[in-house]
Amino acid sequence: MNVAIKPHPHASHELGFIRRYIFSTDHKVIAKQYLGLSAVMAIIGGFSAYIIRWQLAWPETSVPGWGPIGPDQYNAIVTMHGTVMVFFVAMPFLLGGFGNYLIPLMVGADDMAFPRLNAMSFWTQLLASSVLIASMFAPEGPAASGWTAYTPLSDNPVYTGVYLGQDLWILASALEFGAFLMGGVNFITTALNLRAPGMTLMRLPLFVWMEITAAVVFLLSVGPLIAAAIMLLLDRRLGTSFFRPDKGGDPLLWEHLFWFFGHPEVYVVALPGFGIMLEVMPVFARKPIFGYKMIVYSTIAVGLLSFVVWAHHMFVSGMDPRLATPFSITTIMISVPFAIIVFAMIATLWRSSIRFTAPMLFAIGGLASFLIGGVTGIFLGSQASDIYMHGTYFVVAHFHYTMFPVTFFGGMAGLYFWFPKMFGRTMNETWGKIHFWFSFFLFNGVFIPLFLVGIGGQPRRIYELSSYDMFKPLQSLHVIATVCAIGLFLVQIPFVVNLFYSMVHGKVAEKNPWHSNTLEWTLDSPPHHLNFPTPPRVYRDPYEYSVPDLTEDWLPQDQPPAIPATSAAR
Amino acid sequence: MLAGWMPQSVSTFGGKIDHVVYLVFYIVGFFFLLTEGLLIYFALSSRRKRPRRAHYNRGDTPREAAWILVPALVILGLDLGIDSAGHRAWELEKSARPASAIEIKVVAKQFNWEFTYAGPDGKLGTADDVVVENELHVPLGKVVRLSLNSEDVIHSLWIPNFRLKQDVVPGRAIPAWFEATKAGTYEIACSELCGFGHYSMRGTVVVQTEQDYSKWMNDNVLHAANSSSAGQ
C-alpha cells in the first residue's frame with residue numbers, strides 16, 4: 001500500500017560489525033537483542049523462583065546455592081521475581097523479541113516505521129534492566145513491597161527499611177514503560193502504514209493483530225502508572241503525600257492507578273502469546289483458521305473490556321462495596337470473547353491433518369494449560385468467591401496458569417517455529433519434543449498443588465508457612481510443587497544446549513521448511529537487512545491451507561492467482 | 001470435592017459464599033472438561049499417520065460461526081447467573097449492617113492485631129476501653145461488628161473459617177461484621193504483604209458460648225478496666 005518503490009541499497013554489507021550487530025537499527029537484530037536480554041533476565045527470575053520454592057518447601061534448611069534467607073530478604077526476592085518475570089521477561093520476549101522480528105516481515109515491510117526509535121527502545125530496556133539489577137545491590141537491599149508496590153508500604157521507607165532499592169525499582173519500572181511505549185508506537189505505525197500492496201487489515205496474520213492490540217492497550221493504560229510512579233517517587237523523596245494517609249493522601253489511589261494498568265497488562269502479555277499459537281496451529285494442522293474475523297473482533301473486544309475490569313483486584317480493598325458487582329460483571333464477561341478465540345482455535349483442529357512437531361506440541365499444550373488459567377479466573381472475578389480466594393495461593397496458581405502458558409509455551413512454540421527463519425538452521429525435533437513433555441507435566445505438577453493450597457486458604461507472600469496451625473497440613477503440597485519446579489528448571493538445560501548447538505550445527509534450513517503461507521517464509525533464512533529484495537504483493541488471506549483442487553496443500557499469500565480455468569476458456 | 005479442601009465454614013454468611021464457590025466450580029468445571037475433551041479429541045483424531053488432506057473450512061459462514069457463537073452466548077448467560085448469585089452473597093457480607101450490641105475496634109499494626117472492647121460504660125473511644133492483643137473473643141450466635149483501622153500500612157483481616165476477608169487501610173475505618181455459628185478457636189491471618197513480619201502476624205478468634213464469653217468479659221475486660229481505673 002504505502003511501500004515506496006526505492007532501490008535497495010542492502011546497506012548492511014557496508015556497515016561494520018558494531019553498526020550491524022550492536023548499535024543496529026535492523027528490526028531483526030534488535031529482536032534478537034531483546035530475546036537475548038529476556039533470556040538473561042529469565043535466569044534471574046527463574047533463580048528467584050527456585051529460592052522462593054525451596055524456602056516454602058523446606059523452611060528450616062538453607063537454600064543450596066544461595067544460603068539461609070530471612071523474612072525481609074524473602075519479601076525482596078518475591079518482589080524481584082514478579083517484577084522481573086512480568087516486565088523484564090514476558091514483555092521483552094513476546095513483544096520486543098517476536099513482535100519486533102515478525103511484524104515487519106509479516107506485513108511485507110523493509111523495517112519498522114521508526115528504526116532508530118526501535119533501537120532506542122531496546123537500549124532503554126537494557127538501561128532499565130541494569131537499573132533493576134543494580135537495585136538488588138542497594139545498601140538496604142532491593143525493593144520488598146511486592147511487585148504491586150502497595151502504598152504506604154512502598155511509600156514510606158520506615159515500613160520496609162528499604163530506601164535506595166525501592167527508588168531504583170521505581171526508576172527501572174518507569175524506564176521499562178518508556179521502552180515499550182517507543183516499541184508500541186513502532187508496532188502500530190508499522191502494521192498500519194507499511195503494509196505491502198494487497199495486505200489489507202483483514203489479511204493480516206492474527207499474530208500482527210494481537211501484537212498491535214496489545215500495543216494499543218499498553219499505550220492507553222501505562223500513562224496513569226507512569227504518573228503514579230513519579231508521584232510515588234515524589235512522596236518518597238520530596239515529601240509530597242499523594243499516597244500517605246498520615247499526611248492526607250490515599251493508599252487506594254495507588255491501587256486504582258496500579259491496576260488500571262496492571263490488569264490490561266495481563267492481556268498485553270497474553271495476546272501476543274495467543275498470536276503465536278494462532279500462527280503455529282494452522283501450519284501444522286494444514287487447515288485455515290476457523291473464524292478469522294470472529295477472532296479479530298474478539299481480540300478487539302478483549303482489548304476494550306480490559307480497561308473496565310481493574311477493580312476486581314480490589315473487591316476487598318475497602319473501596320465502596322457498591323462497585324463490586326459492576327466490576328464482577330465486566331470481569332467475568334471477558335470470558336465471552338476469550339471463549340470465542342479458544343473455541344475457534346479448537347475448531348481449527350477439527351478434521352485437520354496434524355503433524356505433532358515441537359512447535360505444534362507447545363502451541364496445543366499452551367492452549368490446554370491456559371484453559372485452566374482462564375476458568376479459574378472466574379473464581380476471582382466473582383465478587384463473592386473472591387472474598388475467599390483473594391490473596392491466597394489460588395491467585396498465585398491462577399495467574400501462573402495464564403502467564404506461563406502464553407509466555408513459556410507460546411514463546412517456545414514461536415522459538416521452535418521461527419528458529420529456522422531467525423538463524424538459518426533447524427532445532428533438533430526429538431529434543432524439542434522431550435523438552436515439551438517434561439515441561440508440560442512438571443509445570444502442571446508445580447501449580448495444581450498450589451490451587452489446592454489456595455483453596456485451603458493459605459495466603460501468599462508468607463515467608464514461614466508453619467506460623468499458622470491450620471495451614472500445616474498443606475505443607476506436603478508445597479514439597480510436591482517445589483520438586484516439580486526444580487525439575488522444570490533442570491529440563492531447560494538440554495533445551496539451552498539444543499538451542500546453541502543448533503545455531504551452529506543444526507540442519508541448514510530452507511526458505512520455507514514448514515510450508516507456511518505468510519510473507520516471512522518467502523525470504524531467505526535468515527532474511528537480509530531490509531528484508532524484501534523486491535516489494536511483495538499480497539493476493540489472499542494468510543491461512544489458505546488444503547484448498548480443494550490444488551496439488552499443494554498450501555497457498556502463499558504472495559503467490560499470484562492462477563488464471564481460473566473457466567475464465568481462460570472464455 | 002472442594003469442601004474437603006476448604007476449612008469448615010462457621011459463620012452465618014460462610015455457607016452463602018461457599019455456595020457461590022461451588023456454583024462457579026460446577027459451571028467452569030463443565031466447560032473446562034468440554035473444551036479440554038474436544039481439544040484432545042480433535043487433536044488426536046486429526047493426527048496425520050499417512051499423508052492426507054485436511055478438510056478445508058474457514059468458519060466464516062453464519063452457519064459455521066454459530067457453532068462458536070451459540071456456546072459463547074450460553075457462557076454469557078451463565079456469567080450473568082454467577083454475577084447475580086455472587087451479588088446476593090456479597091451484599092450479605094459486605095453491604096448489610098445488621099444491628100449489634102457488640103462493637104469491637106480492630107487496630108492492625110506491624111505486626112499485631114489489637115482488639116479494643118468497650119469498658120464498663122459500654123462505649124468505645126472512652127478512657128475505660130480495654131485492649132486485647134491478638135486474641136479476639138466473641139460470643140456464639142451473636143452479630144459482632146468490627147471497625148477496622150490500621151496504624152501504618154495496609155493489612156488484611158483474613159479469617160478463613162468465617163469466609164471473612166477485608167483489607168485494613170490506614171486513614172479509613174472500614175466496617176465488617178460476622179456471626180459465628182460454632183464454638184472453637186480459629187486462626188486470623190494477615191493476607192496483605194505488610195513488611196518483614198507479615199508472615200507472623202497471626203491472631204486467633206475464640207468463639208465462646210454466651211456464658212463463657214460473659215465470664216471472660218468479666219474476668220478480663222471489665223476487671224482490667226476496673227483495676228486500671230482504680231489505680232488512677
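Helix α10 of chain A is mostly covered, with 15 of its 15 residues buried; buried here means 20 or more other C-beta atoms within 10 Å of a residue's own, exposed means 12 or fewer, and partly exposed is in between, with C-beta atoms placed from the backbone. This is a predicted model, so local features need pLDDT of at least 70 and side-chain atom pairs count only at pLDDT 80 or more, while totals for chains, interfaces and linings use all residues. Residues are numbered from 1 along each chain as its sequence is written, and chains are lettered from A and ligands numbered from 1 in the order in which they are written.

α10(A) covers residues 335–349 and runs 21 Å from its first C-alpha to its last, close to the expected 21 Å (1.5 Å times one less than the number of residues). Helices (H or I, at least four residues) and strands (E, at least two) are simply DSSP runs, numbered from the N terminus. Just past α10(A) comes A:Arg351, with a positive phi of about 50°.

Another arginine, A:Arg425, sits in strand β1 of chain A, residues 425–426. Because A:Arg425 has 18 C-beta neighbours inside 10 Å, it counts as partly exposed. Leaving out residues up to four places away in sequence, A:Arg425 touches A:Pro420, A:Ser502, A:Met503, A:Gly506, A:Lys507, A:Val508 and A:Ala509, where contact means C-beta atoms, placed from the backbone, within 7 Å. A:Ser385, on the other hand, is 40 residues from A:Arg425 in sequence and 50 Å away in space, C-alpha to C-alpha.

Turning to chain B, there are three helices and 10 strands, in the order α-α-β-β-β-β-β-β-β-β-β-β-α along the sequence. Its radius of gyration is 26 Å, well over the 17 Å that the globule rule gives for 232 residues, so chain B is more spread out than a compact globule; the radius is taken over C-alpha atoms, and the rule is 2.2 Å times the number of residues to the power 0.38. Along the principal axes, the C-alpha atoms of chain B fill a box of roughly 95 × 35 × 30 Å. Some 38% of the 232 residues of chain B are buried. Of the chain B contacts between residues at least 6 apart in sequence, 66% link residues at least 24 apart.

As for the interface, 74 residues of chain B meet 83 residues of chain A.

Methods. Contact = placed C-beta atoms within 7 Å.
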